[in-house]
Amino acid sequence: MAKARTKKRTHVRAQNATAAAAKGGAASMSKTPKSMVIRVGASQVGSSVSQLVKDVRTMMEPDTAVRLKERKSNRLRDYTTMTGPLGVTHLMLFSKSATGNTNMRLALTPRGPTLHFQVENYSLCRDVEKALKRPRGGGQDHKTPPLLVMNNFNSPNATEDSKVPKRLESLSTTIFQSLFPPINPQATPLSSIRRVMLLNRELAPEGEETDHYVLNLRHYAITTKKTGVSKRIRRLDPKEIRNREKKGAAVPNLGKLEDAADYLLDPSAAGYTSASETELDTDAEVEVAESTTKKVLSKRELQRMKAGEKEKAQKKLSNAPGVEKRAVKLVELGPRMKLRLLKVEEGLCEGRVMWHDFIKKSEDEVTKLDKNWDQKKKEKEARKKQQKENIEKKKQAKAQAKAEGKEVEDDDEDDVDMDDDDEWLSDDFEDDNAEEQENDDDEDEDESMEE
């Protein structure tokens with residue numbers, strides 16, 4: 001006898017899937033945002049866009065899916081299914097159009113909105129490294145999220161009636177701010193901020209209205225060095241040796257010298273006061289509290305400290321961290337991207353268009369579109385209601401068959417009710433396969449009557 005067909009298209013997920021989603025709900029409640037950088041179409045986008053996706057994943061570390069592998073058969077629904085269990089809050093979708101344009105979509109899960117960008121031009125990490133005289137190598141920089149710096153996101157002359165309305169600026173600012181966890185200046189240690197991601201919006205000259213919404217993205221590494229100290233002395237500093245990237249540059253060999261002064265005051269290197277050694281190519285100089293190590297005191301030493309208040313005060317002064325000047329320099333890591341906002345959608349990569357760069361609707365057209373969306377929502381709710389009724393009929397038929405002593409095969413899918421969080425299950429079939437779903441519902445009714 002042939003095995004009975006288990007219908008999945010008009011039913012909900014299995015119990016193990018809902019259990020995983022329940023566990024993922026706790027993960028999604030965490031404040032740390034997580035992202036997925038996806039190339040839509042897999043190898044069809046080309047090698048350059050595939051490498052760009054890898055570079056963007058490296059930039060979004062550590063809270064991103066670095067080892068994500070796509071297939072040609074994957075659809076958007078395959079990724080949105082896992083956003084809940086994995087706690088993913090942002091999707092960055094890279095694709096290539098038939099005309100050869102590279103596009104990027106930035107979407108918030110699970111309800112949207114979605115920002116559609118056209119990548120007008122971009123440079124990969126390897127291209128940026130070739131352009132630099134001293135490129136920065138790998139290290140521990142990507143173990144902490146970058147510092148997000150946004151410039152010119154809110155233009156002073158923007159209104160609700162302008163080409164780029166004020167609400168669009170506020171929306172884009174909120175979405176980009178939510179990409180990385182917030183930073184508390186009082187609690188966040190400076191050593192954890194190793195990278196910076198700069199987003200600069202191009203504005204029109206004063207007195208002119210901005211026609212387009214264009215962003216320039218840059219990614220830098222933050223390096224600091226002591227100022228006013230010779231390179232030769234920095235080579236002997238243990239802190240500089242530990243933080244040095246190039247492991248090959250070890251402590252210099254002083255075995256052939258009679259005195260350390262011969263190394264520091266080498267006349268061939270213009271001496272200790274050489275301007276070429278002390279001058280640094282820096283962006284700014286800041287004062288940083290010097291990191292010091294504190295000794296763990298024993299019981300006897302603690303008693304001695306309590307006995308003498310003067311000694312205690314002196315030790316406090318001696319243990320107070322000093323302040324040192326450090327030069328801050330930014331080294332570009334890549335990638336570079338120039339993004340032009342084309343449109344904003346209300347949902348997750350589908351829904352009502354809230355703003356468009358090229359197309360502008362009249363009030364009558366907007367009202368007509370709103371009516372169409374309301375009609376689609378009503379039809380969607382009616383289909384979901386019909387699906388629930390079909391499931392309840394099957395449950396009643398099974399219960400009646402068990403009461404009469406007949407053998408009934410248990411389907412795990414029928415034991416779970418459809419939740420509002422599972423709307424994506426029916427979204428992909430609304431437009432193309434609406435008639436096919438109605439036929440499946442009729443088959444469900446016929447099967448329940450036969451049982």
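1. Let's start with helix 3 (residues 76-86), where Tyr79, Thr80 and Thr83 are buried. Buried here means under 20% relative accessible area, exposed over 50%, and partly exposed in between, with a 1.4 Å probe and protein chains only. Seen down the axis of helix 3, these buried residues fall within an arc of 100 degrees, so they line one face of the helix. The arc is that of the directions from the helix axis to the C-beta atoms. An α-helix has 3.6 residues a turn, so residues three or four places apart point the same way. The cover over the buried residues of helix 3 includes strand 1 (35-39) and strand 2 (90-96), where contact means heavy atoms within 4.5 Å. After helix 3 comes Gly87, with a positive phi near 75 degrees.

2. A word on the basis of all this: the model is predicted, so local features need pLDDT of at least 70 and side-chain atom pairs count only at pLDDT 80 or more, while totals for chains, interfaces and linings use all residues. Residues are numbered from 1 along each chain as its sequence is written, and side-chain values use heavy atoms, leaving out hydrogens and water.

3. For the overall picture, the protein chain has 14 helices and 11 strands. Helices (H or I, at least four residues) and strands (E, at least two) are DSSP runs, numbered from the N terminus. Of the 451 residues in the protein chain, 33% are buried. Among contacts with a separation of 6 or more, 72% are between residues 24 or more positions apart. The chain exposes about 29000 Å², with carbon and sulfur atoms supplying 49% of it; the areas come from the Shrake-Rupley method with a 1.4 Å probe, and for residues only the protein chains shown count as cover.

4. Next, please follow strand 2 into its neighbour. Strand 2 and strand 3 run antiparallel and are joined by 7 bridges; two strands pair if DSSP finds at least two bridges between them. Leu91 stands opposite Ala107 in strand 3. The hairpin of these two strands has 5 residues between the strands, and Gly100 takes a positive phi near 100 degrees there.

5. Strand 3 also pairs with strand 4, again antiparallel, through 6 bridges. Here Met104 stands opposite Phe117 in strand 4. This hairpin has 5 residues between the strands, and its Gly112 has a positive phi near 95 degrees.

6. The loop between strand 3 (102-108) and strand 4 (114-123) is worth a look, with Pro110 placed in it. The peptide bond from Thr109 to Pro110 is cis, with omega near 0 degrees. Most residues other than glycine have a negative phi, and most peptide bonds are trans.

7. On to the aromatic rings: the structure holds 2 aromatic pairs. Rings of Phe, Tyr and Trp (its six-membered ring) pair if their centres lie within 6.5 Å; planes under 30 degrees apart count as stacked, over 60 as edge-to-face and the rest as tilted. The rings of Phe153 and Phe176 have centres 5.9 Å apart and planes at 80 degrees, so this pair is edge-to-face. Phe153 lies in the loop between strand 5 (147-151) and helix 5 (166-177), and Phe176 in helix 5, so the pair ties together parts that are 23 residues apart in sequence. Both Phe153 and Phe176 are buried. Together with Phe117, they form one aromatic cluster.

8. Asn152, in the loop between strand 5 and helix 5, has a positive phi near 65 degrees; at 31% relative accessibility, Asn152 counts as partly exposed. Cys349 sits in the loop between strand 10 (336-345) and strand 11 (353-356), and its phi is also positive, near 60 degrees. Cys349 is buried, with a relative accessible area of 14%.

9. Finally, helix 12 (residues 363-403): at 1.5 Å a residue, its 41 residues should span 60 Å, and its end C-alpha atoms are 60 Å apart, which agrees. The expected span is 1.5 Å times one less than the number of residues. The buried residues of helix 12 include Lys380, Arg383, Lys384 and Gln387, as well as Ile391 and Ala401. Just after helix 12, Gly405 takes a positive phi of about 90 degrees.
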